[in-house]
Amino acid sequence: MISSFIDHEDFFHHFQPIYDLKEGYIVGYEVLLRSKKFANPELAFNSAIKEKKLYELDSRSIHKALKTYHSAGFTRKEGILFVNVFPSTLLNPKFPSFISVIMKEKLLSNQEIVFEISEKETNYDLNRLKKVLKQLKKVGISYAIDDYGISNGDMERLIELDPYYLKLDQFFSRDLHKSPKKQEMIKNVLEYCNKFDTILVLEGLENALDVSFSKSLGVPLGQGYKLGVPNLLKGLG
């Protein structure tokens, strides 16, 4: 089933806005796979993993998302595109040629692409991944650590991978206004980010009080249902 699902690209994408919390405008979008054949995108990816088709699904999803974003007329000025990717996809021998293809198709021109490195895979060669990320940086692709703060080895990956963006897991935003401990933790992470030129994105902002507290703490970027739900992308003009 999953092979046919991939071959026919029986999926589409929703885009969730990411906001500059201080100025209140959209700086970019995170792209999220959706399908009528799988109620939850994780089920599609889990099926692909089971049938050893994860690279095929991940790369085809990325390609289709980039085409959707590009055809909608978005550029670097209007919004950065955050794209989830598995470490095993980045490390796949076919991945460099995949990057060459999307460059030839001009899907990387005039817009910033950020690969969000999924924390759902943790068993990979960190040194090899660093080399791949270094090559991506040369062609203008940034990268982020996703869902930071809930997995073993997060601190090691933060230091070793030195991401341009750090996406702090929604655990820290949930009832942030009620939790001095979460507030203090965010302050500490933000201090590190500011010192080492990493841009912090706080995920899972779902009410006005938590958005307000995020602003007061100095969190630069935020994402969550209170700011904007994932939806189909509307073209410009």
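Q: Of the 51 residues in the largest nonpolar core, which touch the most other members?
A: Quick heads-up: this is a predicted model, where local features need pLDDT of at least 70, side-chain atom pairs count only at pLDDT 80 or more, and totals for chains, interfaces and linings use all residues. Numbering starts from 1 along each chain as its sequence is written, and side-chain values use heavy atoms, leaving out hydrogens and water. A nonpolar core is a set of buried (under 20% relative accessible area, 1.4 Å probe, protein chains only) Ala, Val, Leu, Ile, Met, Phe, Trp, Tyr and Cys residues joined through side-chain atoms within 4.5 Å. In this one, the top spots go to Leu90 and Phe115.

Q: Which helix gives the most to this core?
A: Helices here are DSSP runs of H or I, at least four residues, numbered from the N terminus. With five residues, the top contributor is α3.

Q: How many residues are in the second, separate core?
A: Ala44, Phe45, Leu57 and Phe86 are among its members. The count is 12.

Q: How are α2 and α3 oriented to each other?
A: Their axes (lines fitted to C-alpha atoms over the stretch in contact, with angles from 0 to 180 degrees between N-to-C directions) come within 7 Å and cross at roughly 140 degrees. Under 35 is roughly parallel, over 145 roughly antiparallel, 65 to 115 roughly perpendicular, and the rest oblique. So α2 and α3 are oblique.

Q: Which residues of α3 make the contact with α2?
A: Contact means heavy atoms within 4.5 Å. From α2 come Ala44, Phe45, Ala48 and Ile49, and from α3 come Leu54, Leu57 and Asp58.

Key. Helices (H or I, at least four residues) and strands (E, at least two) are DSSP runs, numbered from the N terminus. Buried means under 20% relative accessible area, exposed over 50%, partly exposed in between (1.4 Å probe, protein chains only).
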